[in-house]
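Please keep the sequence and the structure in view while reading.

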Amino acid sequence: MTSERCLFASDLHGRRDRYEKLFAAIEREAPGAVLLGGDLLPGLADGLAEGPFVGFLAGGLARLRHAMGARYPLVLAIPGNDDPAAAVEELRAKELAGNLRLVHGTRAAIGVRAVFGYACVPPSPFALKDFERYDVSRFVDPGAVSPEEGFRSVPACESAIRYGTIAADLEALVEGADLHEAILLLHAPPYQTLLDRAALDGRMIDGVPLDVHVGSIAVRRFIEARQPLLTFHGHVHESARLTGAWRDGIGRTRMFSAAHDGDELALVRFDLADLDAATRELL
């Protein structure tokens, strides 16, 4: 039976020092599962990460598995909007020798609890659009670049680019499943919460003030309607610093974020049998 003690990290952005800290924590603590919430790879300025970094990640996990043996945890991961799909496809093709499972758009499980993974975020100001979707409609916030613009590292279906939404994707992902005990691993935080606060105070574009909340309306509505047990998020690095909170809730749903805008690794430790005792440490 999988231990209910787990670790969650997000937005490591290919920083090897953060991964080394994560590897050390995994070996020391032997959790039952490790969740990685997107933006795993070096940014575009560092290339598409298909060479040395993928080897580093694969090698680190392989060494962990060798050292830990039967204590090696289940490792579930999603990409994020800063991860080029070309590099993610390399990861998916290898699945890192069975030491890591990518769960974007799929279902996994931690023990008896279903885990659903989804990487896409609403339109952002960034150019890479591999893991961006319209949110609930084709509206784009001032200053953001639509999914139909920008660029992609791999070809994508034109219909999905133009008409796909996070709202529709989430409904298709769960297919009417009972989410009472389910876990959602989502890169985008829900809109207007303590987890999606961006440093946009006083910013305007063409006379229009920018919304300081940059999370997903679709994710918020989905959580409100379906009330999963637990959701994990990243993406908005500065939110915990600005709000003083890395956790929030909507109804019965607990929501944790590991996004962080400092140099440290933000590591969330939680026990599925006692979610109130969850902690977040900067390493």
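## The largest cavity

The model discussed here is predicted. Two cavities of 30 Å³ or more are present in the structure, and the largest cavity holds about 50 Å³ of space.

Residues from separate parts of the numbering line the largest cavity. They are Ser 10, Asp 11, Leu 12 and Arg 18, together with Ala 258, Ala 259, His 260, Glu 264, Leu 265 and Ala 266. By class, this lining of the largest cavity comprises five nonpolar, two polar and three charged residues.

## The second largest cavity

The second largest cavity has a volume of about 40 Å³. Its lining is made up of Tyr 19, Leu 22, Phe 23, Ile 26, Val 34, Leu 36, Leu 57, Leu 61, Val 75 and Leu 100. Ten of these lining residues are nonpolar, and the lining has no polar and no charged residues.

Which elements each supply at least two residues of this lining? They are helix 1 (16-29), strand 2 (33-37) and helix 2 (52-68). Helix 1 gives the most to the lining of the second largest cavity, namely four residues.

Ala 218 belongs to helix 6, which covers residues 217-226. Is Ala 218 buried or exposed? Its relative accessibility is 5%. A residue is classed as buried when this value is under 20%, and therefore Ala 218 counts as buried.

Asp 135 lies 83 residues away from Ala 218 along the chain, yet the C-alpha atoms of the two are separated by 5.9 Å. When residues up to four places away in sequence are not counted, Ala 218 touches Asp 135, Val 136, Ile 166, Ala 167 and Leu 170.

## A hairpin of two strands

Strand 13 (residues 266-271) pairs with strand 14 (residues 274-282). The pairing is in the antiparallel sense and extends over five bridges. Two residues lie between strand 13 and strand 14, and the two strands form a hairpin.

Within this pair, Arg 269 stands opposite Thr 279 of strand 14. As a general point, the side chains in a regular strand alternate between the two faces of the sheet.

Ala 266 links this section to the opening one: this residue is part of the lining of the largest cavity, and strand 13 covers residues 266-271.

Key: Residues numbered from 1 in each chain as written. Predicted model: local features only at pLDDT ≥ 70, side-chain atom pairs only at ≥ 80, totals over all residues. Heavy atoms only, no water. 1 Å grid on protein atoms, 1.4 Å probe; cavity = no way out; pocket = protein on both sides within 12 Å on 5 of 7 lines; lining within 4 Å. Points joined across faces, edges and corners; volume = space filled by probe spheres on them. Nonpolar A, V, L, I, M, F, W, Y, C, P; charged D, E, K, R; others polar. Buried < 20%, exposed > 50% of the residue type's maximum accessible area, 1.4 Å probe, protein only. Contact = heavy atoms within 4.5 Å. Pairing = 2+ DSSP bridges.
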